[in-house]
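Work through the exercises below with the model open. Each task is followed by a stepwise solution.

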Amino acid sequence: MLRFSSVARSHVGLVRENNEDAGFSGPYLQLVADGVGGCAAGEVASATAAYVVSALTMMDRSPHLLELLDRAVETVQSQLRAGVTAEARRAGMGTTLTAILTDQDRFAMVHVGDSRAYLLRDGDLVQLTHDHTLVQHWVDAGQLTAAEARTHPRRSVVLKALDGTHDVEANLVMLDLEPGDRLLLCSDGLTDYAPPAAVHAALRVPDKDEAVARLVDAALRGGGRDNVTCLLADVEDGPVLCRDGRLVGALADPHLVVDPAAVHVPHPA
Ligand code: CA
């Protein structure tokens, strides 16, 4: 049975006071969410998204992984709406979401925003996600090179995020993963500050704890002006494990989740 062997680390960075990233890393789910919003609402958005998706995918054993993730996104949206209704000062909060789920056989990914997932296979690094950003839009249109996008002053403009207000079409795709594959999920606090060569070199370090430490260190050495969250997951074949996981960043504070009691799997009729 396929599963993840993973480590996760979230660092507030060198400049910010709050960590608006949240993550969940377990044997069957890897997830990163990067929140935005004033008055500590970014943490609420990312922690709520991370809680909703991790809780629902642990409770719901539907074999239809993409539908399950799609329903989870809808619940994130309704919980963010409820969060703004409960406290108007949270208006405008939103979050990215990048998550990879496995049913122990197949793998599905949901993606909204500018957090990223990468696959390291046989030494080659492939980006699995496509940034929903203005600069990526310009790269796709041939108006900017990827190298120019990395340093463009408007690189932080995100075109899609979960905010409970706007209808967002999340990218939902199945992934063809196999034992020996290594995944990196990260917030833009890594990719904006760590040089790509340093990321690639860190990912090739066999020990995952050491690799993640090097990733975070590379972001901090590059300026660390944003929160940085990295999840490293090796796909492996082995016995079924308890559905559990490590909570990092804003998700480590359960008080930030809008309404955990409202998140449940409907009983079948
Ligand atoms: Ca960020």
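**Exercise 1.** Which residue in β11 is the bridge partner of Cys186?

Solution. The model is predicted: local features need pLDDT of at least 70, side-chain atom pairs count only at pLDDT 80 or more, and totals for chains, interfaces and linings use all residues. Residues are numbered from 1 along each chain as its sequence is written, and side-chain values use heavy atoms, without hydrogens and water.
- Step 1. Find strand β10 (residues 182–186), which runs antiparallel to β11 and is joined to it by five bridges. Strands are DSSP runs of E, at least two residues long, numbered from the N terminus. Two strands pair if DSSP finds at least two bridges between them.
- Step 2. Read off the partner of Cys186: Cys230 in β11.

**Exercise 2.** Which residue in β11 does Val7 stand opposite?

Solution.
- Step 1. Strand β1 (residues 2–11) pairs with β11 in the antiparallel sense, over 10 bridges.
- Step 2. Opposite Val7 stands Leu232.

**Exercise 3.** Why is strand β11 described as largely enclosed by the rest of the structure?

Solution.
- Step 1. Buried means under 20% relative accessible area, exposed over 50%, partly exposed in between (1.4 Å probe, protein chains only).
- Step 2. β11 spans residues 228–237, and eight of its 10 residues are buried, so the rest of the structure largely encloses the strand.

**Exercise 4.** Is Ala88 buried or exposed?

Solution.
- Step 1. Locate Ala88 in the loop between α2 and β4 (94–95). Helices are DSSP runs of H or I, at least four residues long.
- Step 2. The relative accessible area of Ala88 is 64%, so Ala88 is exposed.
- Step 3. For contrast, take Asp70 in helix α2 (residues 65–86). Asp70 has 37% and is partly exposed.
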